[in-house]
Amino acid sequence: MEVFYRTHAYLVEHTNAPVRRALMDEINWNDRLIGIKGTRGVGKTTFLLQYAKEFFGTDRSCLYINLNNFYFQQRGFVDFAGEFQKRGGKVLLIDQVFKYPDWSHELRTCYDRYPKLRIVFTGSSVMRLKEENPELNGIVKSYNLRGFSFREYLNLTTGNDFQPYSLEQILENHEAICRQILSKVRPLDFFQDYMHHGFYPFFLEKRNFSENLLKTMSMMVEVDILLIKQIELKYLTKIKKLLYLLAVDGPVAPNISQLANEIQTSRATIMNYIKYLADARLINMIYEDGEDFPKKPAKILMHNTNQMYAIYPIKVEEQSVLETFFLNTMWKDHKMSKGGKGYSFLVNGNLPFRICSEAHLKGKINPNIYYAQHHIELGQNNQIPLWLFGFLY
């Protein structure tokens, strides 16, 4: 046990989160079982350690463990949790929980056996904590840690402390909000850099960002999809090829029959693979309003703009980038559906949005549509700067 305390102390001491994530204040840390999901590379480990550092410091009542440690191949973490509680432990932080066989049963056992112990664990975005693990249903509180928002990226690169705004606040007061922000910084000077490399925290590392992201995306397929969904390794190349084809095709309705022919598999398998890619946060599926999986999506986009520049940089079209950014930032708290005539998306079933560059906005402005415009710093009425939607979280 002492070895784990020493490792914890070292990791906490050397943790320096570049940005305090908004999720830190959204979580009810008094809940006894908390699951934090997120795509690979968004900083789940750093988030756990930052929580330990901020709320406990060097107090031994909180302990971080990583289930990648070979120690847990010999001994389950139920007995370990019991030993930790005997020593005065109150909060156990478990990283990489899905690497452990029968992890959901062990978590349930801990929950039942140690009512005074709080457990916070991280897992892949592919995991369906409640749907696929009924023994956790009703006891686990699940949260999603996302990549950096444009607001977080801007705070990091400029040293500001801008706070998030709700969609309602942006729609009603965007001019005043923009003037406040513009008095301190010019967001458009940083927006393209964010689109290219600002979503994943590892852009701060001294490595080639695109190569690092491509490696991370491969790991999402190889581990987050194949391991968790228990798919045989021989199908790996088919899933990777499907992702590439979807990326190259751009934001259109997928031709399932054509994809099935190219990858040499069935239409049903293609639909399952598309769902897995969406669960892994590699793509986003857009449906007609009122529709959902297992129907064919009306449109498929990459999950975030950074992936677009990494996977196929010679074919990155501005309109696709703008739509991908808007969808990614809205996805957290709002229902997104395919748009109709004259607009790109329908938000929450009743708010039509057209995503466009200032240069492409021609003709009469429709008062019933919101325009999220690129290349403008300040909007008016129903014309809102696109960058401001990066302040939603």
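1. In strand β4, Ile119 is the bridge partner of Leu33. Strands β1 (residues 33-38) and β4 (residues 118-124) are paired in the parallel sense, over six bridges. Two strands are taken to pair if DSSP finds at least two bridges between them. Helices (H or I, at least four residues) and strands (E, at least two) are DSSP runs, numbered from the N terminus.

2. On the basis of this note: the model is predicted, local features need pLDDT of at least 70, side-chain atom pairs count only at pLDDT 80 or more, and totals for chains, interfaces and linings use all residues. Residues are numbered from 1 along each chain as its sequence is written, and side-chain values use heavy atoms, with hydrogens and water left out.

3. The pair β1 and β4 belongs to an open sheet of five strands, with the order β2-β3-β4-β1-β5 and parallel pairing. Its edge strands, β2 (62-66) and β5 (141-144), each pair on one side only. From one strand to the next, the twist averages 20°. Helix α6 (residues 103-113) packs on this sheet and touches β1, β3 (91-95) and β4, and the direction of α6 makes about 165° with that of β4. Axes are lines fitted to C-alpha atoms, for helices over the stretch in contact, and angles run from 0 to 180 degrees between N-to-C directions. Contact means heavy atoms within 4.5 Å.

4. Arg108 is found in helix α6. With a relative accessibility of 26%, Arg108 counts as partly exposed; buried means under 20% relative accessible area, exposed over 50%, and partly exposed in between (1.4 Å probe, protein chains only). Not counting residues up to four places away in sequence, Arg108 touches Glu135, Leu136 and Ile139. Arg108 and Pro164 are 56 residues apart in sequence, and their C-alpha atoms are 35 Å apart in space.

5. Helix α10 contains Asp224, which counts as buried at 1% relative accessibility. The side chains of Asp224 and Arg40 are joined by a polar contact of 2.9 Å. A polar contact is a pair of N or O atoms within 3.5 Å; within protein, one must be able to donate a hydrogen and the other to accept it, and residues adjacent in sequence count only if both atoms are side-chain atoms. Leaving aside neighbours within four places in sequence, Asp224 is in contact with Arg40, Phe98, Ser124, Val126 and Met219.

6. The axes of helix α1 (residues 2-13) and helix α3 (residues 44-55) come within 9 Å and cross at roughly 90°. That makes α1 roughly perpendicular to α3 (angles under 35 degrees count as roughly parallel, over 145 as roughly antiparallel, 65 to 115 as roughly perpendicular and the rest as oblique). From α1, His8, Leu11, Val12 and Glu13 meet Leu49, Ala52 and Lys53 of α3. The residues of this contact divide into four nonpolar, one polar and two charged. Here Ala, Val, Leu, Ile, Met, Phe, Trp, Tyr, Cys and Pro count as nonpolar, Asp, Glu, Lys and Arg as charged, and the others, Gly among them, as polar.

7. A further open sheet of five strands has the order β8-β9-β10-β11-β12, with mixed pairing. At its edges stand β8 (336-338) and β12 (383-385), each with a single partner strand, so one side of each is left without a neighbour in the sheet. Neighbouring strands are turned by 35° against each other on average, direction ignored. Strands β9 (residues 345-347) and β10 (residues 351-357) pair in the antiparallel sense over three bridges, and Val347 stands opposite Leu351 in β10. Helix α15 packs on the sheet and touches β8, β9, β10 and β11, its direction making about 140° with that of β10. Helix α8 (residues 167-182) lies across β9, β10, β11 and β12 and runs at about 75° to β12.

8. Helix α9 (residues 188-197) has Phe191, Tyr194, Met195 and His197 buried. The cover over the buried residues of α9 includes α7 (150-158), α10 (209-225), α14 (305-311), α15 (318-330) and β11 (370-374).

9. Strand β6 (residues 283-286) is joined to β7 by four bridges, and the two run antiparallel. Met285 stands opposite Ile300 in β7. From β7 (residues 299-302), Lys299 and Leu301 point one way and Ile300 and Met302 the other way, and all are buried.
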